[in-house]
Each structure stands twice: as structure tokens, then as C-alpha cells.
Amino acid sequence: MTTTGPARKSSLMETLLGLLRIRIKRGVNLAVRDINSSDPYVVVKMGKQKLKTRVINKDVNPEWNEDLTLSVTDPSLTVLLTVYDHDMFSKDDKMGDAEFEIKPYIEALKMHLDGLPSGTIVTTVQPCRRNCLAEESKVTWVDGKLVQDLVLRLRHVECGEVEAQLQWIDLPGSKGL
């Protein structure tokens with residue numbers, strides 16, 4: 001099959017559903033990787049996107065309260081969150097990871113709810129073997145927005161959890177939900 005002229009690539013705005021803001025709130029009881037503490041930071045990956053938080057020095061209970069924003073084109077992709085210990089002179093040590101689906105959150109967004117009382121729980125995701133939730137995760141209507149709070153138990157490590165929150169940003173001109 002031959003094509004004449006350049007194949008038309010779909011623009012990002014045509015495939016973009018919107019932006020997912022992941023607030024990395026804090027780490028709880030993270031593993032010690034240095035002498036008596038760690039210098040943790042978080043890397044978030046979804047598809048080809050990769051973002052990271054700042055390093056918090058000498059703290060196994062760090063408070064990042066940092067927003068990382070991912071472009072969402074495929075709601076079936078999972079988000080992989082990995083915690084590392086920053087080392088000055090050697091490769092950074094891995095301090096565990098957690099994976100979670102954004103699908104339940106996207107499904108709740110597609111309900112196009114409006115005018116709910118703040119604090120209304122729209123849906124709940126139970127912890128199970130397929131996810132890394134340490135406790136049930138609620139998708140809640142708060143001040144005119146849907147948010148999902150997550151407490152993720154880190155895998156491949158002796159201890160540690162990361163608390164995060166999902167929030168959606170609609171982009172004018174994007175495909176939308």
C-alpha cells in the first residue's frame with residue numbers, strides 16, 4: 001500500500017481527554033536507605049510520561065504536597081509511582097513502588113455530576129490484590145470538583161506508604177471525556 005504525501009498524524013488535542021493532577025501529599029514510614037534515614041523523592045510514570053517531585057532530605061515521613069500533571073489520552077493506562085532515595089555519589093536506591101488505575105476516577109468524572117453537596121462520596125475503590133491501596137479509596141465531590149484520595153502501600157520494599165490525591169483538569173479544545 002502506498003500513500004501519497006505525509007501520513008496525517010492526529011494532534012495531541014484531538015486525542016487528549018484532559019489533564020490528571022496528582023498531588024503527592026506525603027510518605028509514611030518509608031524505608032531507611034542511608035545510615036539512619038533516607039532522602040526520598042517520587043517518580044510518577046504513565047505511558048511515556050515521567051515526572052518527579054523534589055528530594056526531601058533525611059526524612060522517612062516526608063511532606064511533599066507537590067502537584068504533578070499528566071496528559072491523559074488513554075484512561076485504561078495505569079500510573080506507576082516509585083519512591084527513590086537520592087544518593088550524592090551512587091545510583092539512587094529504589095524504596096518501593098505502587099501502581100494504580102485511574103479508570104474508576106475517570107468513570108466517576110464521566111457521570112458529569114454537578115451541584116452535589118461538598119463531601120458527597122461518588123464511588124469507592126476497595127483494596128485488593130490487583131491494586132496497591134492500603135485502605136479504601138473514595139472519589140468525593142469537594143467544592144465543585146471530583147477528587148480521589150489514595151493511600152498506596154509500596155511494593156518490593158519492607159515498609160512505606162504514599163498518600164496522593166487525583167484531580168481532573170478539563171482543557172478547552174481537547175477531546176474531553
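Y41 is buried, at 7% relative accessible area. The accessibility classes use a 1.4 Å probe and protein chains only: buried means under 20% relative accessible area, exposed over 50%, and partly exposed in between. This is a predicted model: local features need pLDDT of at least 70, side-chain atom pairs count only at pLDDT 80 or more, and totals for chains, interfaces and linings use all residues. Residues are numbered from 1 along each chain as its sequence is written, and side-chain values use heavy atoms, with hydrogens and water left out.

Y84 is partly exposed, with a relative accessible area of 22%. Strands (E, at least two residues) and helices (H or I, at least four) are DSSP runs, numbered from the N terminus.

A charge also meets the Y41 ring. The charged end of K52 sits over the ring of Y41, 4.9 Å from its centre. The rule asks for NZ of Lys or CZ of Arg within 6 Å of the ring centre and within 35 degrees of the ring normal.

## The four-stranded sheet

Four strands build an open sheet, ordered β3-β2-β5-β6, with antiparallel pairing. The edges are β3 (49-52) and β6 (93-101), and each of them pairs on one side only. From one strand to the next, the twist averages 20°. Axes here are lines fitted to C-alpha atoms, for helices over the stretch in contact, and angles run from 0 to 180 degrees between N-to-C directions.

β2 and β5 pair in the antiparallel sense over six bridges. Two strands count as paired if DSSP finds at least two bridges between them. P40 stands opposite D85 in β5.

## Salt bridges across the chain

The structure has 11 salt bridges. Each is a side-chain nitrogen of Lys or Arg within 4 Å of a carboxyl oxygen of Asp or Glu.

K25 bridges to D149, with the closest N and O atoms 3.1 Å apart. This pair links distant parts of the chain: K25 in strand β1 (residues 18-28) and D149 in strand β9 (residues 145-153), 124 residues apart. K25 is partly exposed at 24% relative accessibility. D149, at 32%, is partly exposed.

E163 forms a salt bridge with R26, and their closest N and O atoms are 3.0 Å apart. Here the link runs from E163 in strand β10 (residues 161-169) to R26 in strand β1, 137 residues apart. E163 is buried, with a relative accessible area of 18%. R26 is partly exposed at 31%.

## A further pair and a network

E136 forms a salt bridge with K138, the closest N and O atoms being 2.8 Å apart. E136 is partly exposed at 34% relative accessible area. K138 is partly exposed at 30%.

K94, D97, E99 and R155 are joined in a network of salt bridges.
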